[in-house]
Amino acid sequence: MARKLLRGTVDLHGNPLSVLWEEDRILALGPEIPETEADEVLEVEGTVFPGFIDPHVHLRTPGQEHKETLETGARAAAHGGFTTVVTMPNTDPPLDRPELLRGLYEEARQLPVDVRFAACLSVGRKGRAIPEMPLLAEAGAVAFTDDGSWLEDAHVAYQAYAMAAALNRPVLSHPEDPRWHRGGVAHQGERALKLGLPGIPRESEELAVVRDLALARLTGVRLHLQHISAHTSLPHIRRAVAEGLPVTAEVTPHHLLFTDEALETFDPRFKVNPPIREEADRDALRKLLPETWTVMGTDHAPHTVFEKEFDWLEAPFGLSWLDLAFSALYTHLVRPGLVDLATLVEAMTLRPARLLGLGDRGVLKEGKRADLVVVDLAATWQPTPRNTFSRGKNNPLMGEMLFGVVRLTVAAGEVAYRG
Amino acid sequence: MERIQLSSPHLLGLEGYPREDILAILDTARGFLKVLKQPIPKLPTLRGRTVLNLFFEPSTRTQASFDLAAKRLSADLVNISPKSSSVVKGEHLLDTLRNVEAMRVDAVVVRHRAPGVPHFLARHTRAAVINAGDGAHEHPTQALLDLFTLREHFGDVRGLRVAIVGDVLHSRVARSNIFGLSTLGAEVILVGPPTLVPSEFTRFGNVRVVHRLEDDLLQAVDAVMALRIQKERLEASFFGSLREYHRLYGITRERARRIRGVLMHPGPVNWGVELERGAEEETTTLILDQVTHGVAVRMAILYLLLPPLEG
């Protein structure tokens, strides 16, 4: 059996760290592993981390392959250092039948990283009835979600959450009660008011969070609250965590990096749902990162340039992140000292692994899956439409100089990307 | 006429728009108003220049006003009104832009339902972009003609108190007037139901917000601008009924009699809602002056944004 050795790398404290693996399992880690142990040696300079895990991406398959395919999404993931991604079921058709999931897993076998599928929480994402959840779990659904919308009907949600709890799968909830606004496209605050943009208030999230937490208490489900955007949601989540409920909060790169000041540019690349909000929200989310119940999810939402260049009312919501999320967060949060590197990495590895019940990954340890990424933290790159793999080029950081160049991504022992 | 250089090649909005530029436009418009009263109200100034009216949203008045302004200055004029239904999703902005560029027009007058579209076009074209209304954001030429009308009537805008009554939340006219009036040193009093006049508006200029249209207020202010109330706001639950709105905020004949200053309206009027028919006869009304002044102000804007061609 082929044994591979990664050397020349350091751990996040800067100490030399080599990794030896056989097939898809890590055999040994240490400052110095003799080359004689390996059949193949990968000599790479940089810092080695566990492969990143993204519990929230949109690979648009089936139905919207012009935005992203499993292939382009997986390559973008590998390029960004992600070795496991969970793709959302708001596709066309929605992933609410086990047959669909089986077909997709068949396709996903060829991919350079581990693409997992979440299944719908309600039939057709319509919020009226639950799908065949046990059969979906059997077909490989790692989680249940109606992401893109919230399961409004509390009765249906109760059944769905209870079923997910029994199946030991997390519910990924998009907490936003749409009844709080009429066609909102931006954070409801002073800036949107001045610019004449219909707003989405914080309360639309806060109240959905409160309902979901009540259901988590009732059903015992592992509740993951996606893309938390409002500081007013946080006290409720903290209280639930303190109470011992199995709850996690997702933060996205855009809610950590941008504010609604960007509305002044009218650049639709900043248009996202839930919306980027005010400095107070951004700062509260940054302070949340050290909490172990906080999980980074990018909400990678690729769109074509053509679609995104509509006016602010018509342009679709979302940013494309897989290629550049780590570099962006490292450049704008870790380097200025706002978040420490170990915290960022944990939020992108161990915590999502736990959320998804993937006990075989998320840390560099003997016996774990050989999922790893090597990043040259001192090197810079400039993401452009040409050097990124996602079909979605919709990210306002395109063209900006970012620190942190991914040199190598290894997924299940195989080289998924080498730069 | 002396031609002053404006600080921006476009007119996108009055937020942050320099006082000197506003005054330059108003001064220039005064000259053009005289021209409009001459037997032959036409100048050769912009001969050879081309103005494109790009109206994604239907408009009769503003479009006609720009149309006339361009023609009075002898510019060539093209009108395009792309179909903008929700089914077709509207013409793609980049396509529109390429067409504009290919036509080699000198100025684009754009109206669109979405805030920011003129700003987007301005970033991508060499033509001068004039915002003729972008959603609920701004309508700078309307505010400039309102400022012009106030200035003609009162001599100076500084120190005036202007009440804007109605659906401020959805009004681009209100926003541009808030910015323009504040810049020129006037005080703005916004009046309407709390649902349509949120108190946050006080942060955008020299602004007060009140939710009752008191007789004292009508007597205290120099001008009352009534805004158009769209019937669809009723369906979205912003107030209880048109009857209720009219009762609380409508300029009835009774209320009009109490107006010490002048009555204005950006048009078109929803008679029986924000204005009672006949109210205009009870006080000094500048509504038709606003229309006339609109042409002069738009001539001034075109003139100042487009340098005359030599030879």
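Me: In β10(B), which residue is the bridge partner of B:V262?

Reply: Strands are DSSP runs of E with at least two residues, numbered from the N terminus, and two of them pair if DSSP finds at least two bridges between them. Here the partner of B:V262 is B:T284, and strand β9 (residues 262-264) of chain B pairs with β10(B) in the parallel sense over two bridges. The model is predicted, with local features needing pLDDT of at least 70 and side-chain atom pairs pLDDT 80 or more, while totals for chains, interfaces and linings use all residues. Residues are numbered from 1 along each chain as its sequence is written, chains are lettered from A and ligands numbered from 1 in the order in which they are written, and side-chain values use heavy atoms, without hydrogens and water.

Me: In what order do the six strands of the open sheet in chain B stand?

Reply: The order is β7-β6-β5-β8-β9-β10, with parallel pairing. Because β7 (207-210) and β10 (284-285) of chain B each have a single partner strand, one side of each is left without a neighbour in the sheet.

Me: Is strand β15 of chain A largely enclosed or open?

Reply: Buried means under 20% relative accessible area, exposed over 50% and partly exposed in between, with a 1.4 Å probe and protein chains only. Eight of the 10 residues of β15(A) (residues 372-381) are buried, so this strand is largely enclosed by the rest of the structure. β15(A) pairs in the antiparallel sense with strand β4 (residues 40-50) of chain A over four bridges, where A:F49 stands opposite A:V373, and also with strand β16 (residues 402-411) of chain A over seven bridges, again antiparallel.
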